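Here are some notes to read alongside the model, written for someone opening it for the first time. Take them in order, and keep the 3D view at hand.

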Amino acid sequence: MEIKLKINGINKEVTIKDGEYLQSALKRLGFLNVRKGCETGSCGLCTVLLNGKPTLSCSTLAVRGIGKEITTLEGESVEVAKFAEVLTDEGADQCGYCSPGFTLTVIAMKRELESPTIDEIKHYLTGNLCRCTGYMGQLRAVKKYMEVK
Ligand code: FES
Ligand code: FES
């Protein structure tokens with residue numbers, strides 16, 4: 001089936017299989033940063049932005065992307081670079097496998113929440129798991145990036 005998807009501001013004609021999920025379609029198109037961990041909607045590794053909202057691409061049919069703005073890490077290079085610098089400063093740079101989904105969620109949160117509390121930040125990030133960490137370095141980095149005191 002041929003569909004049109006707008007990915008990182010560029011319109012693409014995409015051939016998808018019946019019932020194909022967005023993660024698989026994006027990966028086939030070469031967006032290798034759209035990763036996969038659990039495929040059950042539990043880990044957040046596959047997060048992309050759909051019209052700016054964090055969305056689990058492993059459990060979103062590719063056809064749900066029709067008519068929407070799909071954003072992967074490559075589409076947010078300025079904010080990604082800013083957040084990566086803060087993460088490094090806080091010593092929270094690790095294996096990086098979870099970073100694309102986590103970073104996109106943090107970017108969306110910064111746009112959505114003004115001066116969030118720590119609990120609100122934690123709540124927003126509940127769906128993004130990281131196997132490498134105790135999360136404290138990441139939390140420090142997120143607070144700094146969000147300019148939360
Ligand atoms: S791979 Fe999508 S939530 Fe884990
Ligand atoms: S940094 Fe390794 S899984 Fe998160």
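1. Begin with Lys-36 and Glu-39, whose side chains form a salt bridge with an N to O distance of 3.8 Å. Please keep in mind that this is a predicted model. Lys-36 is partly exposed at 36% relative accessible area, while Glu-39, at 51%, counts as exposed because the cut-off for that class is over 50%. The count of salt bridges comes to eight, and a few others deserve a visit.

2. Have a look at Arg-28 next. Its salt-bridge partner is Glu-20, and the closest N and O atoms of the two are 2.5 Å apart. Arg-28 is partly exposed, with 43% relative accessibility, whereas Glu-20 is buried, with a relative accessible area of 6%.

3. Which parts of the chain does the pair Glu-76 and Arg-111 link? Glu-76 sits in the loop between strand 5 and helix 2, and Arg-111 belongs to helix 3, so you will be looking at distant parts of the chain, 35 residues apart. Their side chains meet in a salt bridge of 2.8 Å, N to O. Glu-76 is buried, at 11% relative accessibility, but Arg-111 is exposed, at 53%.

4. There is also a network of salt bridges to find: Glu-90, Arg-140 and Lys-144 are linked in it.

5. Is Glu-79 buried or exposed? Its relative accessible area is 15%, and because buried means under 20%, Glu-79 counts as buried. The side chain of Glu-79 makes a polar contact of 2.9 Å with that of Lys-82. Leaving out residues up to four places away in sequence, Glu-79 touches Ile-107, Arg-111 and Tyr-145.

6. In one of the pairings, Lys-6 has Asn-11 of strand 2 as its bridge partner. The loop between these two strands holds Asn-8. Phi of Asn-8 is near 50 degrees, a positive value in a residue that is not glycine. Asn-8 is partly exposed, with a relative accessible area of 23%.

7. How many of the 14 residues of helix 3 are buried? The number is 10, so the helix is largely enclosed by the rest of the structure. Among them are Pro-100, Phe-102, Leu-104, Val-106 and Met-109. The buried residues of helix 3 pack against strands 3, 4 and 5, and also against helix 2, helix 4 (118–124) and helix 5 (136–146).

8. Asn-128 is worth a close look too. You will find Asn-128 in the loop between helix 4 and helix 5, where it is buried at 11% relative accessible area. Its side chain reaches the backbone oxygen of Gly-101 at 3.4 Å. The C-alpha atoms of Asn-128 and Gly-101 are 7.3 Å apart, although 27 residues separate the two along the chain. Other contacts of Asn-128 include Cys-43, Thr-47, Phe-102 and Tyr-135.

9. Finally, turn to Ser-115, in the loop between helix 3 and helix 4. Ser-115 has a positive phi of about 45 degrees and is not a glycine. Its relative accessible area is 64%, which puts Ser-115 among the exposed residues.

Key
Residues numbered from 1 in each chain as written. Chains lettered and ligands numbered in written order. Predicted model: local features only at pLDDT ≥ 70, side-chain atom pairs only at ≥ 80, totals over all residues. Heavy atoms only, no water. Pairing = 2+ DSSP bridges. Helix = DSSP H or I, 4+ residues; strand = E, 2+ residues; numbered from the N terminus. Buried < 20%, exposed > 50% of the residue type's maximum accessible area, 1.4 Å probe, protein only. Polar contact = N/O pair within 3.5 Å; in protein donor to acceptor, adjacent residues only side chain to side chain. Contact = heavy atoms within 4.5 Å. Salt bridge = Lys/Arg side-chain N within 4 Å of Asp/Glu carboxyl O.
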